[in-house]
Amino acid sequence: MTIWRKRSPTPNKDDPQRQNNTYIELKKEITPLRGQGELPTKVTGSFGRHYCDLCSSTFPVEELRQCSLCGRWVCDNCLTKDYYICNSCNGILKLYMIKK
Ligand SMILES: [Zn+2]
Ligand SMILES: [Zn+2]
């Protein structure tokens, strides 16, 4: 007996190609706030601390991740780990996928 794989509610897992295309299209649409490799904003007077570009909390630079779409530096809470993009871009990505 063949057990059919249930359709996943998230289309990405079943169709990496589609996810990839969406990512590329999204990348064209989002104007990067920073270039890749550009450093996050330093906190004045606080050595080694940098701002999360979304929640404006401060973190050591090792704890911030750069969003691969908009270039924002975000903390763990503001990062969508599935795609390594910030929550702001993830919101746009979700809208984008609904539209399709
Ligand atoms: Zn944050
Ligand atoms: Zn982003």
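1. Let me start with helix 2, which is hardly covered: among its 14 residues, the count of buried ones is zero. The helix runs over residues 16-29. From first C-alpha to last it reaches 20 Å, close to the 20 Å expected at 1.5 Å a residue. Please keep in mind throughout that this is a predicted model.

2. Within helix 2 you will find T22. Is T22 exposed or partly exposed? T22 counts as partly exposed because 18 C-beta neighbours lie inside 10 Å, and a residue needs 20 or more to be buried. Leaving aside neighbours within four places in sequence, T22 is in contact with L93, Y96 and M97. T22 and Y96 are 74 residues apart in sequence, yet their C-alpha atoms are 7.7 Å apart in space.

3. On the overall layout, the chain has three helices and six strands, and along the sequence they follow the pattern α-α-β-β-β-β-β-β-α. Of the 100 residues, 20% count as buried. Among contacts between residues at least 6 apart in sequence, 29% join residues at least 24 apart.

4. Where is the largest nonpolar core, and which residues have the most contacts inside it? This core has 14 residues, and those with the most contacts inside it are C52, C67, V74, C78, I85, C86 and C89. Strand 4 (73-74), strand 6 (85-86) and helix 3 (87-99) each supply at least two residues of the core. C86 is worth a look here: beyond its neighbours within four places in sequence, C86 is in contact with L54, C67, C70, R72, V74, C78 and L79.

5. Two backbone angles deserve a glance. S56, in the loop between strand 1 (49-51) and strand 2 (58-60), has a phi near 65°, a positive value in a residue other than glycine. S56 counts as exposed because it has 10 C-beta neighbours inside 10 Å. Y84 has a phi near 60°, again positive in a residue other than glycine, and its place is in the loop between strand 5 (79-80) and strand 6. Y84 is partly exposed, with 13 other C-beta atoms within 10 Å.

6. Finally, a word on confidence. The chain averages a pLDDT of 86, and 84% of the residues score at least 70. Which element has the lowest confidence, and which the highest? Helix 1 (residues 11-14) is lowest, at a mean of 53, while strand 4 is highest, at 98.

Conventions. Residues numbered from 1 in each chain as written. Chains lettered and ligands numbered in written order. Predicted model: local features only at pLDDT ≥ 70, side-chain atom pairs only at ≥ 80, totals over all residues. Helix = DSSP H or I, 4+ residues; strand = E, 2+ residues; numbered from the N terminus. Buried ≥ 20, exposed ≤ 12 C-beta atoms within 10 Å, placed from the backbone. Contact = placed C-beta atoms within 7 Å. Expected span 1.5 Å × (residues − 1). Core = buried A, V, L, I, M, F, W, Y, C linked by C-beta atoms within 7 Å. pLDDT = per-residue confidence, 0-100.
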